[in-house]
Amino acid sequence: MIREIAARRSVRKFKADVIPRAAVEKIILAGSLAPSAKNRQPWKFTVTEGKAKAEACAAAEAGLRREKTAPLLPQSASGMADAEHTLSVMRQAPLLIFITDIYGTDIAAPLTADEHEFEICNTLSIGAAIQNMTLAAQELGIGSLWVCNTCFAQRELNRLFGGEVRAALVLGYPAESPPARPRKDIRDITEWRK
């Protein structure tokens, strides 16, 4: 397993080849097997291809346009250029999976302390599901890109998918082999206590 983790890369250039449905189902199964807080399994996976993918990308583009004039995330404006690049990657990939928190709350709604904790647990659970999916894709020779830039189009994507979109997973056969990105030394990020 460590080999698959070490080999996984965020791919941003994909071939146009269609991914077989059976492979996509294996990737989603891997996501559904992730651990989740209180076994809530807070995820819904919406696979988009063709017209549905174009519609999702149009919603994301509308959100990016809106964000420039009426931002939900005004302090994150420096991330807009990256979000626009990510949208171009999403458009050229053959398939997108949008991951929705089925228990999610509106991004602008104030949360009680309990709701905040509930949301953290769901988000961590969804993160575990997405990690499982990226590793399953890697094992199948399928490239992936975990997209959190969906936050810039939160309202538009939520409307389209009928829930709180937490992320998207871009899938396709890789047309590039990105090098490994630098990682922190575990000695610098680990504290042992006895």
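I began by counting secondary structure in this predicted model, and I found seven helices and four strands in the protein chain. Reading from the N terminus, I noted the order of the elements as α-α-β-α-α-β-α-β-α-β-α.

I next looked up the overall dimensions, and along the principal axes the C-alpha atoms of the protein chain fill a box of roughly 50 × 45 × 30 Å. The radius of gyration came out at 17 Å, which agrees with the value near 16 Å that a compact globule of 194 residues would have. I also checked contacts between residues at least 6 apart in sequence, and 83% of these join residues at least 24 apart.

Turning to strand β4, residues 164-172, I asked how many of its nine residues are buried. Nine of the nine are buried, that is, under 20% relative accessible area, so I take β4 to be largely enclosed by the rest of the structure. For the protein chain as a whole, I noted that 40% of the 194 residues count as buried.

I then followed the pairing of β4. Strand β2, residues 95-101, pairs with β4 in the antiparallel sense over seven bridges, and within this pairing L96 stands opposite V170. Strand β3, residues 143-147, also runs antiparallel to β4 and is joined to it by five bridges, with S144 having L171 as its bridge partner.

The protein chain exposes about 11,500 Å², of which carbon and sulfur atoms supply 56%. I recorded 26 positive and 22 negative charges, whose mean positions are 4 Å apart.

Methods. Residues are numbered from 1 along each chain as its sequence is written. This is a predicted model: local features need pLDDT of at least 70, side-chain atom pairs count only at pLDDT 80 or more; totals for chains, interfaces and linings use all residues. Side-chain values use heavy atoms; hydrogens and water are left out. Buried means under 20% relative accessible area, exposed over 50%, partly exposed in between (1.4 Å probe, protein chains only). Helices (H or I, at least four residues) and strands (E, at least two) are DSSP runs, numbered from the N terminus. Two strands pair if DSSP finds at least two bridges between them. The radius of gyration is taken over C-alpha atoms; the globule rule is 2.2 Å times the number of residues to the power 0.38. Contact means heavy atoms within 4.5 Å. Accessible areas come from the Shrake-Rupley method with a 1.4 Å probe; for residues, only the protein chains shown count as cover. Lys and Arg count as positive and Asp and Glu as negative; His and the chain ends are not counted. The place of a charge is taken as NZ of Lys, CZ of Arg, CG of Asp or CD of Glu.
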